[in-house]
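Have the model open in a viewer with residue selection to hand.

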Amino acid sequence: MAVEVLTTADGREKTALSHAHAAAWFAARKAGKSIEVGTADPPLRPARPEKPELLHPRDVPKRKPGSPQGRIAILHAVAHIELNAVDLHWDIIARFGHVPMPPGFHDDWVKSADEESKHFNLVCDCLEAMGSHYGALPAHAGMWRAAEDTRDDILGRLAVVPMVLEARGLDVTPGMIGIFEKAGDTGAVDALKTIYAEEVGHVAYGSKWFHFLCGRENLDPKDVFHELVQKYFHGPLKPPFNEEKRAEAGLPPDFYWPLADETPPRTV
Ligand SMILES: [Fe+2]
Ligand SMILES: [Fe+2]
């Protein structure tokens, strides 16, 4: 099921399949007949539509948030992130099927993939309401790098994807919501608020299973997190951090502050 999603190129088709598989997974769980988790051979990179054109981040045109074109560019970038997130959540299931995990691990990532699929469609609906669509602009080419780098390392995957990249989403989304509030675009505000609320859960799942695996292997989670982020994430973490939402997601300051290029401000 996961590989089927990963090998579907079109965004609307990919997310429809993702919703259908998530529904089947949870229906089976509810009926007490869990779908067995096997092993699979996921592609190194998921299938992608012909458009958007993928560019090096430095070549993606800068956004001017004050204009409608700038707001389209922001939503286009978010749609691209959400599509990658759908694949990332199915990929962790397919890639690490050989690692014995409790069923809750798969529940969490199936639920996350289902939510990312909704996020992609919500943002695409907003783009279409503004006369644009996903694929109309170029997008970031480096989004899958973290997945490739951590394809053999489940702890590395958890550290970098939910606990660094998705946590970064918690830092930047309130500012984005502000931009669309100012523009009076209530459709985009509602979509971004849904995304913001549900992303806390994805970071929390990352932190939960990272701690679970460290506990199982008798490792110090904080030290291992620092080691793995330095190994797989290229560059420092960027403050300001959303400390409140990060705490809600089970990500304490001594995990991320030592990896930042600044020291924490003293607030007391
Ligand atoms: Fe999302
Ligand atoms: Fe997410």
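A nonpolar core here is a set of buried Ala, Val, Leu, Ile, Met, Phe, Trp, Tyr and Cys residues joined through C-beta atoms within 7 Å. This is a predicted model.

**Whole chain.** Start with a cartoon view. The chain contains 10 helices and two strands, in the order α-α-β-α-α-β-α-α-α-α-α-α along the sequence. The C-alpha trace spans about 50 × 50 × 35 Å along its principal axes. For 268 residues a compact globule would have a radius of gyration near 18 Å, and the chain agrees, with 18 Å. Buried residues make up 39% of the 268. Of the contacts between residues at least 6 apart in sequence, 79% join residues at least 24 apart.

**The core.** Select Ala 79, Trp 90, Val 123, Ala 159, Val 160, Met 163 and Val 164. In the largest nonpolar core, which has 62 residues, these touch the most other members. Leaving aside neighbours within four places in sequence, Trp 90 is in contact with Ala 2, Val 5, Leu 6, Ser 18 and Ala 113.

Next select residues 103-129, which form α4. This helix has 27 residues and reaches 39 Å from first C-alpha to last, close to the 39 Å expected at 1.5 Å a residue. Just after α4, Gly 131 has a positive phi of about 85 degrees.

To see the contact, show side chains on both: on α2, the residues involved include Thr 15, Ser 18, His 19, Ala 22 and Trp 25, and on α4 they include Val 110, Ala 113, Ser 117, Phe 120 and Cys 124.

**Loops.** Most residues other than glycine have a negative phi, and most peptide bonds are trans.

- Lys 51 and Pro 52 are joined by a cis peptide bond, with omega about 0 degrees. Pro 52 sits in the loop between α2 and β1 (54-55).
- Pro 239 and Pro 240 are likewise joined by a cis peptide bond, omega about 0 degrees. Pro 240 is in the loop between α8 (221-232) and α9 (243-248).
- Asn 218 is not a glycine, yet has a positive phi of about 60 degrees. Asn 218 lies in the loop between α7 (186-216) and α8.

Is Asn 218 buried or exposed? Asn 218 has 6 C-beta neighbours inside 10 Å, so it counts as exposed; the cut-off for exposed is 12 or fewer.

Note on methods:
Residues numbered from 1 in each chain as written. Chains lettered and ligands numbered in written order. Predicted model: local features only at pLDDT ≥ 70, side-chain atom pairs only at ≥ 80, totals over all residues. Helix = DSSP H or I, 4+ residues; strand = E, 2+ residues; numbered from the N terminus. Rg over C-alpha atoms; globule rule 2.2 N^0.38 Å. Buried ≥ 20, exposed ≤ 12 C-beta atoms within 10 Å, placed from the backbone. Contact = placed C-beta atoms within 7 Å. Expected span 1.5 Å × (residues − 1).
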